[in-house]
Amino acid sequence: MTPLETQLLEYVGREAYEPLRAKDLGKKLGLRKRELTELQTAIESLITQDRIRVSAKGRIQPVAQPGTIVGILRKISAGDGYVIPHAPQRTGPDNDIFVDRHDLRDAQQGDEVLVRLSKKQRARGGRMGYVVDILERATTVFVGRYFEEQDAGFVTIDGRNFADPIWVGDPGAKGANEGDMVVIEMLRFPSHSQRGEAVLTKVLGPRGEVGVDTQTVIHEFGIPLEFSEEALEQARQAAETFRDDDLEGREDRTREIIVTIDPADARDFDDAISLKRTDDGHWHLGVHIADVSHFVVPGTVLDRESELRGNSVYLPNYVIPMLPEVISNGLASLQEGRRRFTKSAFIEFDPEGLPLHTRLANTVILVTQRFAYEEVLPLVHSHSRASSKHDGVEASPAVVELLKEMYALSRILRNRRIRRGALELALPEIGLDFDQDGKVTGAHDRLHDESHQLIEEFMLAANVAVAKLLMERDIEFLRRVHGSPALLKQQQFQEFVDSLGLPLQNPQSRPELQKLLTMVQGTPLEHAVHYACLRSMKQATYSPQHEGHYALAEENYCHFTSPIRRYPDLIVHRIVDDVILRPEGTSPISVEMLTRLGVHCSSTERRAESAERELVLLKLLQFLEDQIGLELPVIITGVERFGIFCRGVELPIDGLVHISSLPDDRYDYDASRFALVGRRGDNLFQLGQRLIVSLASVDLDRRQVDLRFVKRLAGGAALPKRSTGGKKRKPRDQETPSKGKRSSKGKRKRK
């Protein structure tokens, strides 16, 4: 052990030590700036020796002492909580540790905590414990509604994490008025024995005012908003010094026919496609990806701020980019008619779509034509191969031919993927409708058609090809991994499916799972079955570990195709540079560093997804707030002892119909049938049934909707399949083959 490792370990092991990031820890140790590289080496060495660990936020922590467990706290409405261990000590449903609210200290939702197991056990052997220490707060910043009482200011925190308002001191701080949405910094977290105290740091404005909800969510999730002036200056310098005619080390592909296909309102374009078919029937695909690594130098302020963000955040009508717009919407964006630097994956397929060979290269391209998704299929399905024009969109014969060939190959690749066992979950994603003032006027389920699938197949093919190439060269890289579901979860899903009378012989068989998912698509059971299947799976994450990707049925997979909006893709590009420029080289990034980056980027990805879902919900609730009594058709998506959960058919909202609003009867909960069964008459409420409900209440503080039963609709759970016009999108908390991105205005763009 080096002297620096010894010094580091001694400092981290102090009783009063508060977890710090490497740079701050270096300052505490009195290290000079040039010694920070040695510190990073020492940190990685101690991680390898299992002497220290790094949290998801990059803070250095001591390894848990024997008899204690580190995990993330998830609180429930009763005030108690469960700790989900980072490293499961056993398999099964009782891996999580129950903590009574009196044993939580002041730990809150999402905090990383150290727990010690107690001798008590719950029913069925469930483990119990108590919080020993709070290692890292999920956040100390919260957003809520300000009010005054007894000459003091209070804030009711949005959501359900805090039962009581937080005291913020003297009234009128920062000019806050009753009902304003405000940002607070917690000084003392509430517990069962003491109230919370905070300082009011910012007034966002009255709830309901345009833009306040967006700022509420941004602050609530702690999303970095502004770039530092130093980072912006580095981006501007990159723009000033960029020469698109300096082709040293690059292949000139500007004479090829290359197209982009994106949302109509997209501003940043990070991928483009070329395709040729030779006389032997082989396909030669070119996937050209914006070369962000040419502009973002490792170790610079610009790079560090991009890493901190981890990814772009796509909120309704608002985007927080990972990179300054001079790069994301300018230099690196593959705009039509502009020479742009790219990293290209050239993949050769046989006539059946089997990949034969992959080559990577630094290139320069010139996009021939840009298409919006909705413009592609009319040209693809046109009977003429001459110059075509549909709905004002015109393309040359050569471009039309390219689109037709792209469509043909994408169908071959897609069919091959499905036959190999890839899964496709078809859960809806909510799209909001806005008026000119930015207010929500309605909502809809986004559809996902063949024009999206066309591009996705090529992005998936490139991601797989790059991962396989790196694997073959024995180079460590940041993978996109999706582990196989736990056996118990699969068994529970099968029990659920059996209760619905649906066939599923083997839940471990992906082809059987996909057959089931396809069977229920377009029926009232679609949402419940697809969601239950989703919940039975693990979440996709970033890691250097070779775990494979379960949903895609791929052994090797990485993210290569979106470096403008995802930091992991930028990391892969830098490693690819090593492959291109030094074929015998190895990855310049250590496994320890890749592991840390994987944890961090997985965390920022979840943050972005959660923020998007929360803002969509908040905007929907504001839209519905003055429509109490509105009647709408719904499908029962969940059944509990206390009521039924429903999802709107025309307006995609989720809400609870409490058992007290059901027809006058005494109801028994039948878990085997997922139903509430009345003891009198013919009152049966079961998963998949269609109802008419009315909007009973909207609680903006708790962000929930209560519904009231009105009447049943005919048809029940066995409705015939409806035409959907294409696959629907899934929630973004779990990756499947059709996971995508959004344009700068928030509309979905592909993977």
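A residue is called buried at under 20% relative accessible area, exposed at over 50% and partly exposed in between, as computed with a 1.4 Å probe on protein chains only. Helices (H or I, at least four residues) and strands (E, at least two) are DSSP runs, numbered from the N terminus. The structure is a predicted model, in which local features need pLDDT of at least 70 and side-chain atom pairs count only at pLDDT 80 or more, while totals for chains, interfaces and linings use all residues. Residues are numbered from 1 along each chain as its sequence is written, and side-chain values use heavy atoms, with hydrogens and water left out.

Helix α4 spans residues 212–220 and is mostly covered, with eight of its nine residues buried. The buried residues are V212, D213, T214, T216, V217, I218, H219 and E220. They pack, by contact (heavy atoms within 4.5 Å), against elements from several parts of the chain. The strands among these are β9 (141–149), β12 (180–188), β13 (197–206), β18 (313–315) and β19 (318–320), and the helix is α15 (591–624). After α4 comes G222, whose phi is positive, near 60 degrees.

Helix α15 also packs against helix α14 (residues 567–581), at an angle of about 155 degrees and with the axes 10 Å apart. Axes are lines fitted to C-alpha atoms, for helices over the stretch in contact, and angles run from 0 to 180 degrees between N-to-C directions. Angles under 35 degrees count as roughly parallel, over 145 as roughly antiparallel, 65 to 115 as roughly perpendicular and the rest as oblique. The two helices, α14 and α15, are therefore roughly antiparallel to each other. On the α14 side, the residues that meet α15 are Y567, P568, I571 and I575, and their counterparts in α15 are L594, L597 and C601. An α-helix has 3.6 residues a turn, so residues three or four places apart point the same way.

Strand pairing was assigned where DSSP finds at least two bridges between two strands. Strands β1, β3 and β2 form an open sheet in the order β1-β3-β2, with antiparallel pairing. Strands β1 (20–21) and β2 (52–54) stand at the edges with a single partner strand each, so one side of each is left without a neighbour in the sheet. Two bridges join β1 to β3 (residues 59–62) in the antiparallel sense, and R21 stands opposite R59 of β3.

E136 lies in β8 (residues 127–136) and counts as buried because its relative accessibility is 7%. R59, with a relative accessible area of 22%, is partly exposed. A polar contact is a pair of N or O atoms within 3.5 Å; within protein, one must be able to donate a hydrogen and the other to accept it, and residues adjacent in sequence count only if both atoms are side-chain atoms. A polar contact of 3.4 Å joins the side chains of E136 and Q61. Not counting residues up to four places away in sequence, E136 touches S55, K57, R59, Q61, D111 and E112.

Strands β31 (residues 643–648) and β32 (residues 654–658) run antiparallel and are joined by five bridges. They form a hairpin with five residues between them. R647 has D654 of β32 as its bridge partner, and the side chains of D654 and R647 also meet in a salt bridge (3.1 Å, N to O). D654 is partly exposed at 43% relative accessibility, whereas R647 is buried at 9%. In β37, L707 stands opposite V657.

The structure holds 39 salt bridges. One of them joins E605 to R480, with the closest N and O atoms 3.0 Å apart. This pair spans 125 residues, from E605 in helix α15 to R480 in strand β28 (residues 479–481). Both E605 and R480 are buried.

Key: Salt bridge = Lys/Arg side-chain N within 4 Å of Asp/Glu carboxyl O.
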